[in-house]
Amino acid sequence: MNAKETILAAIKANQPAPARLPVIDHHNLIADGADLTALFCQNLEAGGGSMQRLPDMTAVQQVINEKRAAGGLVLNIIPLAGDIDVVPSSLEILDNLQQVFIHGSVAVAENGAVWVTESKMLNRILPFISDQLYLVVYEKQLVSTMHDAYEKIKTNDDGFGVFIASPSKTADIEQSLVIGAHGARKLVVLVIASEVA
């Protein structure tokens, strides 16, 4: 028996006994009755994003109006009384996009992530090319964990989708953090308290 065979035989003889994978009840990872909105906000802020709780979609329209009044290119693709902006086809125009408002589908309390589908963003580039990204979700769309989120999203129906949990960040080996390198420099999630979705 050569050295290689001796080593492999020793490894085979000393393997640990097989063990069953643990069964994790992901529905109980977050305590019943926990304030999902507060937990979502805490985890979103930990990643560099921020949250505003608004009473209804009328308040969202007011935020959009305020941003437009302040100047800069603002794009709203959330249906507000039929008012959806036309997405510019010119990359030169999109490059100057200051704020974009997009409707999210599911918000995850455990990590502050929001699931956004291509049907809601209209153009895949929008969440990543704007300087500031505003995601709008209804409070009743909050779920506890990613396990719960994956039970709600329908990737076969939606096609492309992405979880967004913070502004764009990157860091190099010198520990220099850059915000906005590959996407928005600012992320704000507007959580709507209204029961209508």
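This report walks through the overall build, sheets, cores and a few individual residues of a predicted model.

## Ground rules

Since the model is predicted, local features need pLDDT of at least 70 and side-chain atom pairs count only at pLDDT 80 or more, while totals for chains, interfaces and linings use all residues. Residues are numbered from 1 along each chain as its sequence is written, and side-chain values use heavy atoms, with hydrogens and water left out.

## The big picture

Let's start with the parts list: eight helices and eleven strands. Here helices (H or I, at least four residues) and strands (E, at least two) are DSSP runs, numbered from the N terminus. The radius of gyration is 22 Å, well over the 16 Å that the globule rule gives for 197 residues, so the protein is more spread out than a compact globule. That radius is taken over C-alpha atoms, and the globule rule is 2.2 Å times the number of residues to the power 0.38. Along the principal axes, the C-alpha atoms fill a box of roughly 80 × 40 × 35 Å.

Of the 197 residues, 39% are buried; buried means under 20% relative accessible area, exposed over 50%, and partly exposed in between (1.4 Å probe, protein chains only). The protein exposes about 11600 Å², with carbon and sulfur atoms supplying 53% of it. Those areas come from the Shrake-Rupley method with a 1.4 Å probe, and for residues only the protein chains shown count as cover. As for contacts (heavy atoms within 4.5 Å), take those with a separation of 6 or more: residues 24 or more positions apart account for 70% of them.

## Strands and sheets

Four strands make an open sheet of mixed pairing, in the order S7-S4-S5-S8. At its edges sit S7 (142-143) and S8 (161-164), each pairing on one side only. Two strands pair if DSSP finds at least two bridges between them. S5 (residues 113-117) and S8 run antiparallel and are joined by four bridges, with threonine 117 opposite glycine 161 in S8.

S6 has parallel partners too. Five bridges join S3 to S6 in parallel, and phenylalanine 101 stands opposite tyrosine 134 in S6. S6 also pairs with S11 in the parallel sense, over seven bridges, and there valine 136 stands opposite leucine 190 in S11. Seven of the seven residues of S6 are buried, so S6 is largely enclosed by the rest of the structure. Both faces are covered: Gln132, Tyr134, Val136 and Tyr138 are buried on one side, and Leu133, Leu135 and Val137 on the other.

## Two nonpolar cores

A nonpolar core is a set of buried Ala, Val, Leu, Ile, Met, Phe, Trp, Tyr and Cys residues joined through side-chain atoms within 4.5 Å. The largest has 26 residues, and Phe40, Ile102, Val114, Leu126, Leu133, Leu135 and Val189 touch the most other members. H2, S3 (97-103), S5, S6 (132-138), S8 and S11 (186-192) each supply at least two residues of this core. Another core, of 16 residues, lies apart from it and includes Leu54, Tyr134, Tyr138 and Leu190.

## Residues to look at

Threonine 37 sits in helix H2 (residues 36-46) and, at 11% relative accessibility, counts as buried. A polar contact of 2.5 Å joins its side chain to that of glutamate 139. A polar contact is a pair of N or O atoms within 3.5 Å; within protein, one must be able to donate a hydrogen and the other to accept it, and residues adjacent in sequence count only if both atoms are side-chain atoms.

Glutamine 141 lies in the loop between S6 and S7 and counts as buried at 18% relative accessibility. A polar atom of its side chain lies 2.7 Å from the backbone nitrogen of tyrosine 138. Serine 105, in the loop between S3 and S4 (106-108), touches Trp115, Thr117, Lys120 and Gln141, not counting residues up to four places away in sequence. Leucine 122, in the loop between H5 (118-121) and H6 (126-129), has a positive phi near 65 degrees and counts as partly exposed at 48% relative accessibility.
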